[in-house]
Amino acid sequence: MEQHMRRATRGGIAVIATVGMVLAAGIFAKTAPVHAADTNLIVNGGFEGGLANWFVNNGNSADGGQLSVTSDAYSGQGAALVASRTTTGSGPMQDLSGKVQAGQTYVLTARIKYENPSGPATKQFFATMHYGAATYTNLVSVVATKGQWAQFNGTFTIPATQNVSTARLFFETPWTSTPSSDPNLHLMDFKLDDVSVVGAAPPAAPSKTIEVVGKLPGEHNPLIGHKFGADGFGFVHDGRVYMYLTNDTQGYAPDPVTGVSPGINYGDINQITVISSADLVNWTDHGEIQVAGPNGVAPFTGNSWAPGMTKKVVNGEEKFFLYYANGGGSSNVITGGSPLGPWISERTSTLINGSTPGAEDVAWKFDPAPFVDDDGQPYLYFGGGPASTSMPPAERFNNPKNIRAIELGDNMVSTEGSAAVVDAPVAFEAGHVFKREGRYYFSYSSHFGGNDFGGPQTPLPGYPGGGQIGYMISDDPMSWPKETYAGVLFPNQSQFFGAGTGGNNHQSVFEFEGKYYFTYHAPTLNKRINGNTTQGYRSPHIQELTFNPDGTIQQVVGTYAGVNQVRNFDPYRVFEAETFGWSKGVSTRKVDGGSAQFGAAAPNLVVRDIDNGDWTALSSVDFGDNGARSVTAKVRALAAGARIEVRLDQLTGPVVGTIPVDTPSGEWAEVTAELDGVSGVHDVYFTFAGPTGVDLFEIDSWAFEAATGQPELPVTVSAQARCLGGRAYVAVQARNDHDGSVGIGLETPYGERSFEGVAPGSNVYQSFNTRAASVPAGSVTVRVTGALGGSDVTTVRTVQHPAITCGE
């Protein structure tokens with residue numbers, strides 16, 4: 001076995017040498033016995049599950065081919081057929097990252113056949129491992145006779161020094177730099193079946209659960225303490241702020257002894273994390289979107305960094321568009337039916353790449369930030385990286401001209417015209433635009449100098465220092481000359497959070513309920529885990545953005561305090577248990593089915609990895625003057641003797657209710673506890689207790705029930721499920737039967753609507769689009785507020801609606 005570097009050209013001598021080593025090692029001799037502890041690491045090796053877990057090798061930009069299932073199988077019902085190969089390495093591939101281990105020996109077997117009538121009588125094939133970058137290793141070889149199934153059967157040992165964070169197995173013919181010169185010899189179609197790689201079971205994945213309190217009670221930054229997230233992009237829809245984040249947690253792997261993870265590897269990140277909040281302090285975890293990679297929404301991309309989000313009505317339908325960087329070389333977009341999906345790719349190639357007009361001199365065609373103007377015209381801002389060497393050194397430093405603005409097509413998934421230069425001083429990356437009072441604001445992250453930017457240079461007066469957020473103000477979203485530069489919006493985060501929190505930044509600005517907010521990231525959670533030596537794992541933060549009378553921005557100060565909670569938390573409804581103001585020692589996972597709070601089309605998560613002494617908490621929960629009578633949790637018991645204690649205002653506060661988790665183990669069930677003395681506004685802590693050393697239970701949702709006996713406002717409520725244009729709607733109506741005006745709020749998993757000053761006898765009505773062809777039976781909450789007997793009263797009504805399937 002020989003490890004070698006595959007570059008743009010890969011020498012045939014290396015392949016021959018590898019074959020010689022394989023034969024000399026007796027690779028076709030009797031293989032070592034397989035022990036009971038050994039595991040087959042290949043999934044769907046017989047292709048009985050179609051092409052699940054398989055794809056065409058895409059390690060080089062020139063690789064390409066078509067993979068399909070054929071009934072001509074060595075055994076079973078199916079095999080894989082690879083056709084239209086563009087390179088010798090364009091064969092069937094499966095990702096074994098995280099499964100194989102350095103220093104271990106494995107047995108590889110497979111069946112292969114080719115039938116090209118114009119091909120040679122015999123042909124050599126390789127099973128090869130791609131360890132990332134240009135490192136490839138031929139593992140096992142076989143010489144096949146045309147028209148007959150041949151068998152790979154050999155062992156290979158991964159060197160103890162080999163990095164196996166990336167390990168992808170594929171099948172190929174011997175390398176040549178010009179395979180198209182004789183495709184019958186080099187690029188013949190072939191079939192593959194019965195693939196197995198047997199050896200040591202994959203190591204248990206290191207726990208990603210963060211056991212420290214990363215977001216301290218009373219503080220509002222970082223936004224979450226149970227996972228990481230960077231490059232936050234704030235997006236407002238239907239009374240909620242959604243934050244889209246680069247999933248820094250994806251590569252987090254803390255050592256079980258030291259608690260320290262290796263440094264972040266951006267090449268591993270192909271998911272985007274989503275969180276949301278209605279009050280900017282209690283955030284709901286919506287999990288990750290598998291954007292890129294073989295099983296991603298857009299499998300033709302490999303990474304998903306620096307997301308940007310917007311919405312637009314296209315052909316009469318409201319759609320949501322999530323843009324992302326596919327590494328440094330290109331950017332792309334996927335389309336959703338809501339801020340939480342479901343997601344599809346309307347494209348089969350990247351949106352921004354080397355062929356984008358006007359972007360030829362942009363080194364990094366990434367960090368896509370969308371902006372839709374008031375007139376409906378959409379724009380995209382992208383780019384960054386080293387300045388063009390054609391410019392003088394001083395200009396490369398002060399005005400690198402490495403960011404672009406371009407118009408998007410009305411469909412939001414295409415561009416129009418040529419990209420315009422954004423001449424942002426000392427620009428590096430992270431361009432973003434928002435509009436306020438008719439003027440456009442462009443913010444960006446500044447570079448740190450160095451040879452990429454002209455070497456040692458003197459910055460012009462007032463220009464940003466390294467790793468700061470600068471900004472510009474313009475009257476035209478496509479015109480950003482250097483004269484529009486307005487100053488530094490945000491210094492480097494290390495100025496506020498200290499040692500270990502420096503580095504580059506990435507920001508956005510959003511407006512929510514009349515105020516502007518600034519998002520950024522800093523490795524503050526990473527610092528609380530490991531101290532001043534951090535590994536690059538970043539966390540989202542928000543600060544309020546304020547303006548001077550002339551429209552310039554007052555420089556933002558980063559704080560752990562963060563922003564004020566914009567409203568108290570409403571407990572009288574079913575809400576997701578993965579909604580945290582603060583937490584300790586828990587994590588989340590996706591489960592089958594939709595969300596009880598956000599609808600059937602939204603992902604559902606549960607709180608997991610709950611140990612004795614862990615807890616979660618909510619900030620400023622408003623129980624009203626009459627208070628709460630009970631709380632119900634949907635749980636899955638995992639250990640006997642576990643319980644949930646409900647406490648007020650602090651972790652050691654009084655216990656006002658205890659929920660025994662005594663349901664059948666492994667089954668989801670609802671458990672309820674009566675509450676005592678719970679009224680007014682309080683922080684609420686759910687503390688978890690039970691036997692040590694085991695996971696206690698999982699939690700899906702919470703719901704509090706208001707105390708009875710308080711006076712109620714008369715109201716008549718109804719809900720129906722209806723169809724329109726093949727889509728299901730939930731229609732809600734409420735009539736004010738009181739003798740005075742009231743406020744009425746309609747709450748469904750598909751949206752909310754509030755009405756103020758509803759006159760006596762008047763009706764309010766709203767039809768909520770589920771964005772699906774069917775909707776299950778469910779409930780709607782109607783909240784009525786008004787005066788009764790000289791006191792302010794809130795009355796809550798819950799009404800059921802039936803299921804419906806449209807088109808039947």
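View 1. Lys191 sits in strand E12 (residues 190-199); helices (H or I, at least four residues) and strands (E, at least two) are DSSP runs, numbered from the N terminus. The model is predicted: local features need pLDDT of at least 70 and side-chain atom pairs count only at pLDDT 80 or more, whereas totals for chains, interfaces and linings use all residues. Residues are numbered from 1 along each chain as its sequence is written, and side-chain values use heavy atoms, with hydrogens and water left out. Lys191 has a relative accessible area of 10% and is therefore buried (buried is under 20% relative accessible area, exposed over 50%, partly exposed in between; 1.4 Å probe, protein chains only). The side chains of Lys191 and Asp72 are joined by a polar contact of 2.6 Å. A polar contact is a pair of N or O atoms within 3.5 Å; within protein, one must be able to donate a hydrogen and the other to accept it, and residues adjacent in sequence count only if both atoms are side-chain atoms. Leaving aside residues up to four places away in sequence, Lys191 touches Thr70, Asp72, Ala80, Leu81, Arg111, Ile112, Lys113, Glu115 and Trp149, where contact means heavy atoms within 4.5 Å.

**View 2. The disulfide between Cys723 and Cys806.** The S to S distance in this disulfide is 2.1 Å; the criterion is a pair of cysteine sulfur atoms within 2.5 Å. By this rule the structure has 1 disulfide. The link of Cys723 and Cys806 is left-handed, with -95° about the S-S bond. Cys723 belongs to strand E44 (residues 715-724) and Cys806 to the segment after strand E52 (804-805), so the pair ties together parts 83 residues apart in sequence. Cys723 is partly exposed at 38% relative accessibility, whereas Cys806 is buried at 10%.

View 3. The structure holds 41 aromatic pairs. Rings of Phe, Tyr and Trp (its six-membered ring) pair if their centres lie within 6.5 Å; planes under 30 degrees apart count as stacked, over 60 as edge-to-face and the rest as tilted. The ring centres of Phe235 and Phe320 are 6.2 Å apart and the planes stand at 90°, so this pair is edge-to-face. Phe235 lies in strand E13 (residues 230-237) and Phe320 in strand E18 (residues 317-326), so the pair ties together parts that are 85 residues apart in sequence. Phe235 is buried at 8% relative accessibility, and Phe320 is buried at 0%. Phe510 and Tyr517 form a stacked pair, with 5.5 Å centre to centre and 25° between the planes. Phe510 is buried at 5% relative accessibility, as is Tyr517 at 3%. Ring pairs also link Phe490, Phe496, Phe497, Phe518, Tyr520 and Tyr560 into a cluster.

**View 4. The open sheet E34-E37-E42-E39-E40.** These 5 strands form an open sheet with antiparallel pairing; two strands pair if DSSP finds at least two bridges between them. Strand E34 (582-584) and strand E40 (655-661) are the edge strands, each pairing on one side only. On average, neighbouring strands of this sheet are turned by 20° against each other, direction ignored. Axes are lines fitted to C-alpha atoms, for helices over the stretch in contact, and angles run from 0 to 180 degrees between N-to-C directions. E34 pairs with strand E37 (residues 615-622) in the antiparallel sense over 3 bridges, and Ser583 has Thr616 in E37 as its bridge partner.

**View 5. Strand E28 and its partner E27.** Of the 6 residues of strand E28 (residues 485-490), 5 are buried, so E28 is largely enclosed by the rest of the structure. Strand E27 (residues 469-474) pairs with E28 in the antiparallel sense over 4 bridges. The bridge partner of Met472 is Tyr485 in E28.
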